[in-house]
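Subject: Structure for you to look at, with notes

Dear colleague,

I am passing on the structure below, and my notes on what was found in it follow.

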Amino acid sequence: MEKIAFLGLGRMGTPMAARLLAAGHPLTVWNRTPARAAPLVAEGAVLGASPEEAVRDADVVITMLTGPRALTAVADAVVPALRPGTTWIEMSTVGPDAIRELAERLKDGVTLVDAPVMGSTDRAADGTLGILAGGEASATEHVLVRLGTVTRTGPLGSGAALKLVLNAAVIGGVGLVAEALRLADALGLDGDTARTALAGSPLGGVVARAFAEGVHFATDLAVKDLELATGAAALPVVQAVSDHFRRAAAEDPGADIAHAVPRIRTA
């Protein structure tokens, strides 16, 4: 079993790391706030005092971080410590530019795979994430399948690119549902009736996410993802949705994106 270093123990990273530990992989973990690692350490994981210490003996390094800035900071520490033969699986939502920049920094003999995920905390816990794997993922696909279903997307960076496409559609759809309900209110329709009708329409899946409970995708991270998307192409609709979520994030940045729906609806 490969020795795995897992860096980033947020709401998504912790259950993902727990699944790898339960599968029998020797696991070293690191998080900027060490206390988050306590439940994993209690189950047998080793706590790295620093990112470079965590990866020193790893066969596979997995990062699940908040965005490009966090990835750059971790890379500054980690890159010099990686051994030839190590595979780095980058699973954060950072966009293809950050993946290309990271690839340029790596030593010969270190393989980079971009494998961002679709799904929230519930799917991270039960191992049903959708994993968008770009680059040469064959050697570590048996690790990724412990976390969910792997879709091979093409060359390095393509997984990160497709993640932006999907997140722009999903987050944009949530904003559209909120505005559709705002229109229903303006037209004097019963809100529950309008919501039920929308749920039965082609937007049904997005309606479910707009009112989901027990899952978490922080609004400030959604804003970060939309900024990455609008920085790559002219997307006026997505930009308008991003403005809605930015205002919601100003009030409660850590709240799930569903909490933005009533704010958009009554704005």
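His 259 is partly exposed, with a relative accessible area of 45%, where buried means under 20% relative accessible area, exposed over 50% and partly exposed in between, using a 1.4 Å probe and protein chains only. Along the chain His 259 and Asp 192 are 67 residues apart, and their C-alpha atoms are separated by 17 Å.

Before going further, please keep in mind that this is a predicted model, in which local features need pLDDT of at least 70 and side-chain atom pairs count only at pLDDT 80 or more, while totals for chains, interfaces and linings use all residues. Residues are numbered from 1 along each chain as its sequence is written, and side-chain values use heavy atoms, with hydrogens and water left out.

The fold as a whole

The secondary structure of the protein comes to 13 helices and nine strands. Its radius of gyration is 19 Å, close to the 18 Å that the globule rule gives for 267 residues, so the protein is as compact as a globular protein of that length; the radius is taken over C-alpha atoms, and the rule is 2.2 Å times the number of residues to the power 0.38. Taken along the principal axes, the C-alpha atoms fill a box of roughly 65 × 40 × 30 Å. Buried residues make up 50% of the 267 residues. Of the contacts between residues at least 6 apart in sequence, 63% join residues at least 24 apart, contact meaning heavy atoms within 4.5 Å.

Two packed helices are described by the angle between their axes and the distance between the axes. The axes are lines fitted to C-alpha atoms, for helices over the stretch in contact, and the angles run from 0 to 180 degrees between N-to-C directions. Angles under 35 degrees count as roughly parallel, over 145 as roughly antiparallel, 65 to 115 as roughly perpendicular and the rest as oblique.

Helix 8 (residues 158-186) packs against helix 12 (residues 236-251) at an angle of about 70 degrees, with the axes 9 Å apart, which makes helix 8 roughly perpendicular to helix 12. On the side of helix 8 the contact is made by Ala 168, Ile 171, Gly 172, Val 174, Gly 175 and Glu 179, and on the side of helix 12 by Val 238, Val 241, His 244 and Phe 245. These residues divide into six nonpolar, three polar and one charged, where Ala, Val, Leu, Ile, Met, Phe, Trp, Tyr, Cys and Pro count as nonpolar, Asp, Glu, Lys and Arg as charged, and the others, Gly among them, as polar.

With helix 11 (residues 219-232), the axis of helix 8 comes within 9 Å and crosses at roughly 120 degrees, so helix 8 is oblique to helix 11. Leu 164, Asn 167, Ala 168 and Ile 171 in helix 8 meet Ala 222, Asp 225, Leu 226, Leu 228 and Ala 229 in helix 11, and the residues of this contact divide into seven nonpolar, one polar and one charged.

The axes of helix 11 and helix 12 come within 9 Å and cross at roughly 155 degrees, which makes helix 11 roughly antiparallel to helix 12. Among the residues making this contact are Val 223 and Leu 226 of helix 11 and Val 241 and Phe 245 of helix 12. By class, the contact of helix 11 with helix 12 has seven nonpolar, four polar and three charged residues.

Two further residues

Gly 119 sits in the loop between strand 7 (117-118) and helix 6 (121-126) and is partly exposed, with a relative accessible area of 34%. Leaving aside its neighbours within four places in sequence, Gly 119 is in contact with Met 12 and Leu 129.

Ala 103 is found in helix 5 (residues 96-105) and is partly exposed, at a relative accessible area of 30%. Its contacts, leaving aside neighbours within four places in sequence, are with Leu 112 and Leu 156.

Note on methods: Helix = DSSP H or I, 4+ residues; strand = E, 2+ residues; numbered from the N terminus.
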